[in-house]
Number of protein chains: 2
Amino acid sequence: MSNHTPIPIVTFLPSGRTIPGCDGAHVLQLAQEAGVSIPHTCNGAGTCGKCTVVLRGSASPPTEVELRILSPAQIAAGVRLACQTVPQGDLTVLIHDHAAASILSEGVSVRFRFSPYVRKVPVSLAAPSLDDQSADLERLLKALGLPNRPPQVDLSLLRALPSCIRTPDGAFARGKAEATAVLAGNRLIAVEPGNTLTSCHGIAFDIGTTTVVGYLLDLNTGTRLAVASDLNPQANYGADVITRITHTMQEPNGLQRLRDLIVAKLNSLTEQVCSEAGISPADVYDFAVAGNTTMLHLLLGLEVRNIALAPYIPVVSQPLELPAAEVGLHAHPQARAFLLPSIASYVGADIVADLLVARIHREPRPCLLIDFGTNGEIVLGSKDRVVACATAAGPCFEGGNISCGMRAASGAVSSVHLHDDDLHIETIAGAPPKGICGTGLIDAVALMVAAGVIDETGRILDPDEASDLPQPLRRRIRPGDRGLKFVICDPGELGAPAEIAVTQRDVRELQNAKGAVMAGIRVLCSELGIAAEEIDRVFLAGAFGNYIRPESAMAVGLIPELPLKRVRSLGNAAGTGAQMALLSVSERRRAERLLRTVQYVELSGDPRFPMEYAEAMYFPARR
Amino acid sequence: MSNHTPIPIVTFLPSGRTIPGCDGAHVLQLAQEAGVSIPHTCNGAGTCGKCTVVLRGSASPPTEVELRILSPAQIAAGVRLACQTVPQGDLTVLIHDHAAASILSEGVSVRFRFSPYVRKVPVSLAAPSLDDQSADLERLLKALGLPNRPPQVDLSLLRALPSCIRTPDGAFARGKAEATAVLAGNRLIAVEPGNTLTSCHGIAFDIGTTTVVGYLLDLNTGTRLAVASDLNPQANYGADVITRITHTMQEPNGLQRLRDLIVAKLNSLTEQVCSEAGISPADVYDFAVAGNTTMLHLLLGLEVRNIALAPYIPVVSQPLELPAAEVGLHAHPQARAFLLPSIASYVGADIVADLLVARIHREPRPCLLIDFGTNGEIVLGSKDRVVACATAAGPCFEGGNISCGMRAASGAVSSVHLHDDDLHIETIAGAPPKGICGTGLIDAVALMVAAGVIDETGRILDPDEASDLPQPLRRRIRPGDRGLKFVICDPGELGAPAEIAVTQRDVRELQNAKGAVMAGIRVLCSELGIAAEEIDRVFLAGAFGNYIRPESAMAVGLIPELPLKRVRSLGNAAGTGAQMALLSVSERRRAERLLRTVQYVELSGDPRFPMEYAEAMYFPARR
């Protein structure tokens, strides 16, 4: 038996190529021998920092170069520089595919290029001398490798720079200065003494009409460190965008008030996620914000009146990159804020964020995206062409205008299905039933359609008419204040404090909403010249879209009847898309292209819409 | 005799080509027929506005298109669009040569490309409709011809935009909106209702250690509307830059105080020139600022300590383009401010501005530029190579440290020359002599050298030694408190209240100063490997440089002995250069290139300097 140390085997992923390690050869050399490409520009000099790989196995400890270039978080995650690392046993080397990142959010995983807009770069500055009298800024730019293409520079940086790179007595410590530059795209926004690489954070916000969510991300790694959400405080001035816009038109300080409310809420969410992650808001250098057009206009204090009045014109659609302080956000004084672009007044940046996740503009066959909320925004298309529209679905998907309706909160009936000839309900958090939320309503109406409690026109049948109904269902049809109702839950049942029923008016409310959505889908199909059956995939976005049961949605005619496997929920895709914009300049550019790619169809001016709407009000025939 | 209307003759300048006008053909067509090129991009559609020419003669009245695109000032000056104008008699058409402009300042005329950084563009926006729901900003960008390359946009513009293009009731008046966009380079900084083209102004500042000058220019025409100057109020905290820097190091709020003083002074000069021209500071959209490195650092509130301490490092050399409000300047809220680049701590943006005027970097043979002040900045070179240095000349050129010295103000002896064997003096404004200023001192010492009052070492001869002196001069050599003095003016002479004399110490002071300047020139010659006699032209800049008599400067050895016609005064070239930067993006780029072209030679670290200095202390041999 040989007692030689076994030669380590190095495996490169994703190619799977292997090569035996040899004395002292570092991973970059081995990769070159194996014919595997690892990006680098300094050929192993340890200066470019581009040959990052992820290692699993036994390797030499991090060198000084690596400790300077990589963050502790990166090193802890196995990130190393290939030119600095020598195998000390079998080793798997994962080579970044264009630094691809993926984000996992409520079951959805999207891969994208990891290229945060804001990045920190550690620099080492040689002390000036009579032979090298470069100005402080030029010295810094040279160390950054930007001597001839000076980026835009903030005045605050110039004011801080001299003391940042010098000791209090005005000298360079030990003949050089360690500092960290903060770059936002081509703009040099800050410089900090020492190596502060590990502290580089950003926050993505999804501003919904009802709910606001903030995601704190590490801009070095893409890791999500904390999430916080709260109700949008503007709701006190109106549950929907139109009411809020009206407020700004009727109250002299209405616009300012709504702006102040949302800015304060974003700042308190910032405090909350930072506190949870143990960092300071001053460590936050970038924001990415998604939300509908009105929400983003209100955040910036822009006139919203013309969004509400025909022909529905926003102030701005294009993406905006602004100083966060100008937006009013409390973070690093030079932090930036990116607002995703919107497509139209009623197909906003939230839908653009959805599309970053759904990517239907890259699909070979037509895909449908629906974001359910007070408005139902609909996008249909493929790589050839993408069209979008917005329908005024009304608040019923969020429990609004429904007799026993409530938001999807504890105690809401969220699921209704048939079991042993009677219906069976489930509530959120298993709490005693207090009301019915959007998903429960659609389940209930789907059951009513399927069982024959209501006919195709939406009329609740008199118990006498519904003689073929199972008795347990038939007895739930009872007279109400205004016509018949279908009782979902009697008082006392499962601990319910009061009766929960679907009234004839509730059914009409849902018919209006689902009819509007389906009519929108049909107009878009007509625009693309396809039949609804040709839709290859359906993406459901928004909190409601995340919980809806596709079979119920089809049963009531809210979405086209398609094989169930073609329907997929994206969860809160707007929040996911905002995070992608925070972590990726490529995704920001993609969002900007989407603004020009997606063609908005204004339904209020479209002669097809009223006809489709009248037809879509009916329920599908019983199956 | 024929009574036909004579066919009008159209003459194009500068080519001189002529062509007969024919029925209805506009000037652009005639130019094309004559083979004369007039720049345009819309081929006569009247949309590009690029075919501007200057007409003299009889032509059709301005069209609606012209009234929209051209300012009344332009039309009044004969500027017309070639595609809109039909000859109605003999006509001379001056075609702009790349829209060249020239600036005349104290006798110096420099031609450069007229291309102001800030420009106004009138736009006409079609009213939105359900068929054209572009956002307000996108509508504006489209009207500007920038639909696909959105410029950077300020938030304040977005806030103002909707009401700017709408009537108070929210509609577009008569189906369209007239507005004026204000562009600063690629940035859309403001939009104004209606056509405000005629009101577009900028201010150039030259911040000297002693004096500050502001020039108000019309950015449409380049016309100078007003000039104002005042003393630099920082002078209360030190006459020279070193004293002021020391103040910032010794007083906790010293930097802030000096900054506040200069900002307040620039604002009061702004008020002054605007009031003189009958405009509001809110009509000022751009600033260009020249000044030495310390002055510009103090204006921005940047640390100046390291400028004073070896190795003399400024915070920034490169040009800066900042929001004027951030600098503290009161003007249009979105006005910009451009600070010219500097070459080194002691060769500042004032010298870069000088070089925009002198252009020695384009000369085939070596040229010398000297800007006289407390420091003498020296630039030597040609298109092949340019080198620069700074010498601590001391304040004697401004009358400082001279026993009877004073600034070049009323009553200062500014000229001294020999007349009928005695000296003859002139004072500024012809007022009774109160003291002697820099030019007077140099004249006096030149005379003393030429006549033999002092020897080559600078020693004032005893009257007994100077026996070959004419008696009137000899009697002016008298004993003073510390050695001999040479009396320029006795009390009572020309109404002088007291004696004015040049003392032995005054001569030594001048020797130090002129020795330093000449040593600097010699080191630069040595750097370029040329002899001083090879210098093709000498440019003298700065107020002192404007008034100095070249023959006296040569006689005392302040500048090399060369044929007099090679010496030229540029006047206040720094102020002229600042105005060029205000009126021309090309000149801004040239300034930025100069920063990289000109090589700074640090005299304090140069072994050649002390030797040259010792030698240059002597006076030239008597001629």
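Here is a tour that starts with the whole model and ends at single residues.

**Stop 1: the whole thing.** Keep in mind that this is a predicted model. The predictor gives the complex an ipTM of 0.83 and a pTM of 0.82. Color chain A by confidence: its average pLDDT is 89, and 95% of its residues score at least 70.

**Stop 2: two copies.** Rotating by 180 degrees, with 0.1 Å of shift along the axis, puts chain B on chain A with an RMSD of 0.3 Å. That is how a two-fold axis relates its copies.

**Stop 3: where they meet.** Now select the contact between the chains: 40 residues come from chain B and 40 residues from chain A. On the chain B side, α4 (136–143), α5 (155–164), α9 (305–308) and β16 (320–323) each supply at least two residues. Which element gives the largest share of that side? Pick α5(B), with 6 residues. Color the chain B side by class and you get 23 nonpolar, 10 polar and 7 charged residues. Since 98% of the interface residues of chain B are also interface residues in chain A, the copies meet through the same surface.

**Stop 4: the domains of chain A.** Give each domain its own color: domain 1 (9–97), domain 2 (118–193), domain 3 (201–339) and domain 4 (359–623). Then look from domain 1 of chain A to domain 4 of chain A: their C-alpha centres are 51 Å apart.

**Stop 5: a helix pair.** Two packed helices are described by the angle and the distance between their axes. Select α4 (residues 136–143) and α5 (residues 155–164) of chain A, whose axes come within 10 Å and cross at roughly 85 degrees. So α4(A) and α5(A) are roughly perpendicular to each other. Show side chains where they touch: A:Asp136, A:Leu137 and A:Leu140 of α4(A) meet A:Leu158, A:Leu161 and A:Pro162 of α5(A). By class, this contact has 5 nonpolar, no polar and 1 charged residues.

Stop 6: Most peptide bonds are trans, and most residues other than glycine have a negative phi. Zoom in on A:Ala310 and A:Pro311, though, and the peptide bond joining them is cis, with omega near 0 degrees. A:Pro311 sits in the loop between α9 (305–308) and β16 (320–323) of chain A. Hop to chain B, where the bond from B:Ala310 to B:Pro311 is cis too, with B:Pro311 in the loop between α9 and β16 of chain B.

What is the phi of B:Arg359? It is near 55 degrees, a positive value in a residue other than glycine.

Conventions: Residues are numbered from 1 along each chain as its sequence is written. Chains are lettered from A and ligands numbered from 1 in the order in which they are written. This is a predicted model: local features need pLDDT of at least 70, side-chain atom pairs count only at pLDDT 80 or more; totals for chains, interfaces and linings use all residues. pLDDT is the predictor's confidence in each residue, from 0 to 100. Two residues are in contact if their C-beta atoms, placed from the backbone, lie within 7 Å. Helices (H or I, at least four residues) and strands (E, at least two) are DSSP runs, numbered from the N terminus. Ala, Val, Leu, Ile, Met, Phe, Trp, Tyr, Cys and Pro count as nonpolar, Asp, Glu, Lys and Arg as charged, and the others, Gly among them, as polar. Domain bounds come from an automatic or database domain assignment. Copies are superposed by least squares on the C-alpha atoms of residues with pLDDT of at least 70 in both. Axes are lines fitted to C-alpha atoms, for helices over the stretch in contact, and angles run from 0 to 180 degrees between N-to-C directions. Angles under 35 degrees count as roughly parallel, over 145 as roughly antiparallel, 65 to 115 as roughly perpendicular and the rest as oblique.
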